[in-house]
Amino acid sequence: MEAAENCSVKVAVHIRPFIGDERTQGCKECVTVTTGKPQVQIGTHSFTFDQVYGNGGSPSSSMFEECVAPLVDGLFQGYNATVLAYGQTGSGKTYTMGTSTKDDCQTGLIPQVMNELFKKIETLKRQTEFQLHVSFIEILREEVRDLLNSEPVGKLVTPKGNAVKTAVPGRPPLQIRESSNGIITLAGSTEVAVSTLQEMATCLEHGSISRSTGSTNMNNQSSRSHAIFTITLEQMHKTQSISAVNNTPDEDMSEEYLCAKLHLVDLAGSERAKRTGSDGLRLKGIHINRGLLALGNVINALGNEKKRKEGMHVPYRDSKLTRLLQDSLGGNSKTVMIACISPADVNAEESLNTLKYANRARNIQNKPVVNRDLISTEMQKMCQQLQYLRAELCARVRGPTSDVQVLKERITWLEATNEDLRRELHEYCSRRAVLECCESGAQDGHACFMKSDVHKRAFQSMDSSYCQMDEVVSDEKPGESDVVAKELEHALRQNTMDRELNELNKHLEQKESEMKLVGGADTEALKQHFQKKFMELEEEKRIVQQDRDRFLAAVENHAANSDAQRQKRQEINVQKIKALEAQISDVKKKQENQVELLKQKKRSDAAAKRLQAEIQYIKAQKVQLQRKIKQEAEQFRQWKASREKELLQLRKEGRRNEYERHKLEALNQRQKMVLQRKTEEATIAIKRLKELLEAHKCSVRDNSVNHNGHTPNGQRNEKSLQKWVDHELEVMVKVCEVRFEYEKQIQVQSALAEELTLLKEVDQLSLNGDIPHRVNNGHSRLLSMSPNARMERIASLEYMLSMSTNALKAMVSQLSDAEERECGLVGRRKWNQVHSLSEAKSLLQYLFNATA
Ligand code: ADP
Ligand code: MG
């Protein structure tokens, strides 16, 4: 599985323009947007978000492109996504989401999501099979209702006579189920399969109509329920790899299955129930807001990084809404929250609440992962690897492959030729066997008719044999002529056969040697076959010899026959000779053929041999290549492992830096707070002191008037003395307090200044690049800080110093005032008014009491 990437919840603010009532009531704008910055101010509060739309921020029309289009893209990559619209009733949530049936639907986010979805599907549908489902539910009074259930909705009539659609008992609420792997599902909710934009739009419209809405003071069409429109996108991505060797589609198709959900949530109004003043039906408002309350708690829990790290409990189970959105908040989803606010001053309090709520949501970190089928992930990985290896192999083997093909063809052709030749050889062998039989038969036969001269003549030439034969025929006596003819015939036959035999022997030798080359294994079988043939031919030879004997006997019998008969016989003999001649030429031709074939075979054998060698060479090359591929894969794996290790190290370092930064930030914040508090305390003390001093000046003036005028009676004098003592005491105490603060402030300032100089020193050192090896503790800690953190720290120290300086200035001026007063004789004159001991005693008593 791929690693989950961290991504925080994006928060955008949508400020709607003034609407009907607000205009007529003459409301004033109370929300200002900093130009060029996603910053919103209400009174003294200022918030920064990811985007701000409307009322001087970006135009609302760019909201989809900037906030939601990336989520739709993610959907196609298998990431879940959620869009939440939050805000008080009438702030424009429904308008923003586009679920309203009365506003122009095309401006809302959901219709734009649908357009974009189908546009993308249109471009991708060639490679990918898509399946879309939508569901539309609402949560009203902690009950989940199906808005796409086609059963009719019940009507309820309010006391005012308005017909109000409401969830009725006839339609049972849906139950939330949680599977063992923590996936939340709604049992029995209608999931409509849609294939066109129109179908999806119809679902949205039907759901919106059946959504429960009620009439309140603030917004006639406002909704008091949470509505969740969910689009489920399933994809079956088919990739047919093309074989690189012969450019044909491969058998194996790799498939990737992805499934992702997009929740589009129009939350209920976030205002306090009392403000909406809704009628009796709406008094269960506490329930409506239970979801929002739980949502707020979940956001608080998730937004607090420290507590989250400690693994604190997140109260998802406190409401149906938070259970259903569990994955969207701190889970497997990319989430965008659109905080909708009204710009009018009458709504300032709710708008401020909304901004505070939304601001906290920005701290939530989600961890979206691609929802991929496990097996298909594995398959995809393997297919990728296969393709990669194939491409590699193809790149290296491309040269030899076509040669191999040609060589293969040649081998088959040569094998066929070889087979033909072998058959022919077999034929010749059997003939040779026959001839051998004949020869041996003739040598040890009883009648040898051969005469040396006849023999010689027969061996001379074929042409001469004719005339010689003629001579013989004409010279000899009729009785003898037949015998001679027979002899001649026999001799001739023997002669040619001998020659043939010789030839065959030679050829056989050749062929046998070639045979050994071509197919050594067959020789044994052939031998057996020949032996059998030999026996058969022996038998045949015997029969032929018998025939011949019979024939000779017949010749002797017919020796004394008539001339006419002789003539006839002569003709027959001539015919026989001709036949023999033809046979001889035939054999000759065959001999030539044989020689030619043998040559061919030799050639083909050589070629086969060469090819064999070539094939061997190619095979060796292939083995080498495979080894190389393996080696490279191993090298790549090692490289990847080292890369991953490096990355891990870097991440660790990054985390450490981040932690350091946070620590420092916290320290800065804490110190600032402390300083601020101290400064505030000092300011209060200073103020009081100032007041006292002022009052003192006045009283002195009064007293001096009294003193110079009539003598006051004793009681009045005592009272005024007591008052004076009180005052004096308080001044003293305050002066002490301020001084104490002053001392403390001075200490703080010196500490700050010391750290600042140290930091600046270190900064200078690191700028010059000569970082000392031996440093004291303070230095080493500061040196380990990243330059950015150092800069930040310096800035905050300087800020704190200036703050402390201001405070000191104020204190100094007040203290000096007080000192001035002490030095002045104005105060001491008062003592002169004590005339008697009793007066002094009672005043002393009073002083002790007051001091105590
Ligand atoms: P909510 O769903 O938050 O209760 P509505 O979406 O119903 O609020 O909006 C209340 C009124 O304000 C509607 O009449 C709506 O047309 C109007 N409205 C909301 N936002 C805008 C806007 N951005 N531009 C114009 N009118 C808007
Ligand atoms: Mg609404």
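Which residue in E17 stands opposite Ala12?

Tutor: Ala12 stands opposite Ile338 in E17. Before going further, please note that this is a predicted model, in which local features need pLDDT of at least 70 and side-chain atom pairs count only at pLDDT 80 or more, while totals for chains, interfaces and linings use all residues. Residues are numbered from 1 along each chain as its sequence is written, chains are lettered from A and ligands numbered from 1 in the order in which they are written, and side-chain values use heavy atoms, leaving out hydrogens and water.

Strand E17 covers residues 334-341; strands (E, at least two residues) and helices (H or I, at least four) are DSSP runs, numbered from the N terminus. Two strands pair if DSSP finds at least two bridges between them. Strand E2 (residues 10-15) pairs with E17 in the parallel sense over six bridges. Strand E7 (residues 81-86) also runs parallel to E17, and six bridges join the two. Within that pairing, Thr82 has Thr335 of E17 as its bridge partner. Strands of a sheet pair through backbone hydrogen bonds, either parallel or antiparallel.

E17 is mostly covered, with eight of its eight residues buried, where buried means under 20% relative accessible area, exposed over 50%, and partly exposed in between (1.4 Å probe, protein chains only). In a regular strand the side chains alternate between the two faces of the sheet. Here Lys334, Val336, Ile338 and Cys340 point one way from E17, Thr335, Met337, Ala339 and Ile341 point the other way, and all are buried.

An open sheet of three strands has the order E3-E4-E5, with antiparallel pairing. Strand E3 (31-33) and strand E5 (45-48) stand at the edges with a single partner strand each, so one side of each has no neighbour in the sheet. From one strand to the next the twist averages 25 degrees; axes are lines fitted to C-alpha atoms, for helices over the stretch in contact, and angles run from 0 to 180 degrees between N-to-C directions. Strand E4 (residues 39-42) pairs with E5 over four bridges, and Val40 stands opposite Phe47 in E5. Helix H10 (residues 348-361) packs on this sheet and touches E4 and E5, its direction making about 40 degrees with that of E5; contact means heavy atoms within 4.5 Å.

Finally, consider charged side chains. A search of the whole structure finds 20 salt bridges, each a side-chain nitrogen of Lys or Arg within 4 Å of a carboxyl oxygen of Asp or Glu. One of them joins Glu737 to Lys734, with the closest N and O atoms 3.2 Å apart. Both residues lie in helix H17 (residues 714-768), three residues apart, about one turn of the helix. Glu737 counts as partly exposed at 36% relative accessibility, whereas Lys734 is buried at 15% relative accessible area. Another salt bridge links Arg790 with Asp763, the closest N and O atoms being 3.2 Å apart. Arg790 lies in helix H19 (residues 787-823) and Asp763 in helix H17, so this pair ties together parts that are 27 residues apart in sequence. Arg790 is buried, with a relative accessible area of 3%, and Asp763 is buried as well, at 17%. Salt bridges that share partners also join Glu178, Arg317 and Arg323 into one network.
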